[in-house]
Amino acid sequence: MQSIRSTHLGTHGFVKYIALAMISARSNFAYFGEICGRQLFLAVILYIFLRLWKVTYAHCGVEQMAGLSLSQMLWYLTATEAIILSSSPISTIVDEDVRTGALAIQLIRPTPYPLYKFALYMGERYLRLIANFAVGTIICLVLAREISITAQGIFALSLALPLAITLDFLGNFLVGLGAFWLENTSGILFIYSKFLMVLGGMLIPLDLLPKPYAELTKILPFASIVYGPAKQLVHPCGEELVHVLVLQTTWILVFSLIVWQVYNLALKRIAANGG
Amino acid sequence: MVISAKKLSKTFVVNKRDGWRSHKTEVLAVDSIDLSIEQGAAVALIGPNGAGKSTTIKMLTGILHPTAGTAAVLGLVPWRDRTRLAYEIGAVFGQRSQLWYHLPPEDSFDLLSRIYNLDRKQYKQQRDMLIERFGLVPFLNTPVRKLSLGQRMRAEIAASLLHRPRLLFLDEPTIGVDVVARQELRDLIKEWNQQDGVTVLITSHDAGDIEHVAQRVLVVNHGQIVLDDKLANMRRQYLDTKVVSARFHGEHKMTELPGVKILKMGNYAMKLEVATDLISIETVVKAILDLGTIADISIEDPPLEEVIAHIYSRPAGSNGHSSTMQES
């Protein structure tokens with residue numbers, strides 16, 4: 001039987017991942033109720049935190065905190081919540097693939113499993129990010145009554161966000177691969193997600209921490225996922241943007257290397273016995 | 001040879017808990033099997049649960065690394081050249097779906113065409129031909145979650161053939177499927193094997209799948225190939241019995257004969273199991289003819305399930321027929 005593979009592999013290699021991302025996004029539309037539920041949750045959370053920050057600014061009687069005005073702080077929170085709540089349960093999916101043996105189906109495809117999952121994840125996550133930013137923007141406009149983000153901020157976010165969610169994917173994927181060695185990875189996932197919220201600067205900008213802690217947390221990968229992109233949205237700065245992008249790229253390289261090594265070790269441990 | 005394996009073995013390390021303590025135990029899933037399958041063959045790999053069938057298939061598709069031994073599938077080492085091999089093989093695991101649950105089969109086909117880097121024009125020709133041959137038109141645009149199991153399995157097998165694989169692995173493709181859909185699936189697999197020359201390696205617990213699809217049977221038990229033979233030979237050599245059924249115009253009475261077991265007895269019909277090593281078929285037929293006017297008589301091999309059960313029931317290590325029984 002003659003193969004019908006295309007000989008133009010250069011572009012097709014990339015096209016297949018775009019197709020995977022698109023189908024993932026389409027498939028996630030099937031969970032329309034879940035998307036609406038998430039938006040409602042985001043709206044409630046944002047409303048509470050935005051009111052809290054309003055009270056805090058009023059109580060302290062200051063114009064700025066950590067270099068951000070109240071309006072900027074509200075937009076910062078909108079961005080961090082949108083990023084955190086767009087998270088895809090990729091570690092749980094990988095964990096289940098390993099435990100149920102569904103990983104076997106993926107391994108007989110001419111697409112490396114991590115890249116396959118990455119493409120699906122990007123489709124799903126971008127869909128959620130768009131929905132979150134849309135709802136977040138409406139709530140922020142209602143409460144802040146001010147658009148304190150600029151075109152430069154949006155441009156900076158558009159550069160930092162893809163790297164941020166790529167890094168988050170690698171962290172989550174690594175946790176999921178833990179299923180090859182551990183009986184339960186939910187504990188590690190819990191710690192990872194809490195670190196992301198606290199050390200990533202979801203609730204308060206890292207600049208509000210004491211200086212030594214702020215400096216330390218800013219170089220951790222968690223800050224590259226949440227704080228870096230969100231801060232660039234409300235307070236874009238060319239020099240800082242370069243610093244954020246370099247840090248993100250460095251962490252992506254480090255995590256990619258770790259994921260690659262762990263994945264290759266894991267492949268030799270596959271025990272997909274039974275039908 | 002499409003598939004060849006030598007001394008292929010796989011050992012799993014299993015953690016066993018004993019109260020607070022846990023200790024590791026090695027389980028030998030596949031025990032040094034030798035195997036060769038030629039181009040265009042349809043081979044059934046059968047065995048009881050835990051015999052090592054799926055583990056063997058997973059090593060041959062490159063999913064699992066063997067503990068020892070070598071294998072070549074279409075000239076490639078499966079676990080080393082897994083990605084290259086993926087373009088040449090198709091696989092259906094009956095208990096796992098490769099289709100997108102919330103999307104119609106057509107979308108999954110399109111995605112698979114991208115994953116396999118298929119030429120757009122040729123892909124569309126192949127897809128349209130598969131849609132027609134597998135009768136997918138009525139549910140092509142229905143989300144997979146709304147399909148019956150039979151419809152889903154037809155779409156699954158069609159999906160596995162989109163990239164025109166030379167070798168098709170089918171791991172329990174008819175599991176849970178109703179009788180009519182099962183027959184349709186068997187016919188489709190057989191048609192693809194005979195008309196398009198795709199080599200088929202199928203595992204199933206259903207004797208009907210084996211009878212309809214395979215020409216050759218490999219019986220795996222305790223991780224070893226205990227029988228490698230043509231289907232017809234397997235029946236003849238593994239049970240020295242025949243089933244004789246007769247219907248009479250009038251009433252009759254059968255007398256007992258050595259080596260003959262009465263399976264069913266009515267006033268106008270009977271069904272007997274004849275041990276051909278104790279008594280010849282000719283003697284039994286003559287005895288039946290002497291009983292009265294015959295309306296119908298048939299001599300059949302015993303059901304395949306019985307042959308398989310007989311082979312499974314043999315203790316480990318009694319694999320005297322391994323690989324040597326195949327006749328040309």
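Biologist: How close do the axes of α7(A) and α12(A) come, and at what angle do they cross?
Modeller: The axes of helix α7 (residues 151–177) and helix α12 (residues 238–267) of chain A come within 9 Å and cross at roughly 25 degrees. That makes α7(A) roughly parallel to α12(A) (angles under 35 degrees count as such). This is a predicted model, where local features need pLDDT of at least 70, side-chain atom pairs count only at pLDDT 80 or more, and totals for chains, interfaces and linings use all residues. Residues are numbered from 1 along each chain as its sequence is written, with chains lettered from A and ligands numbered from 1 in the order in which they are written.

Biologist: Is the crossing of α7(A) and α12(A) left-handed or right-handed?
Modeller: Left-handed.

Biologist: Which residues point which way from β7(B)?
Modeller: B:T199, B:L201 and B:T203 point one way. B:V200 and B:I202 point the other way.

Biologist: Which strands pair with β7(B)?
Modeller: Strand β3 (residues 42–46) of chain B pairs with β7(B) in the parallel sense over 4 bridges. B:A44 stands opposite B:I202 there. Strand β6 (residues 167–171) of chain B also pairs with β7(B) in the parallel sense, over 5 bridges. B:L167 stands opposite B:T199. Pairing needs at least two DSSP bridges.

Conventions: Axes are lines fitted to C-alpha atoms, for helices over the stretch in contact, and angles run from 0 to 180 degrees between N-to-C directions. Helices (H or I, at least four residues) and strands (E, at least two) are DSSP runs, numbered from the N terminus. Angles under 35 degrees count as roughly parallel, over 145 as roughly antiparallel, 65 to 115 as roughly perpendicular and the rest as oblique. A crossing is left-handed if the near helix is turned anticlockwise from the far one by less than a right angle, and right-handed if clockwise. A residue is buried if 20 or more other C-beta atoms lie within 10 Å of its own, exposed if 12 or fewer, and partly exposed in between; C-beta atoms are placed from the backbone.
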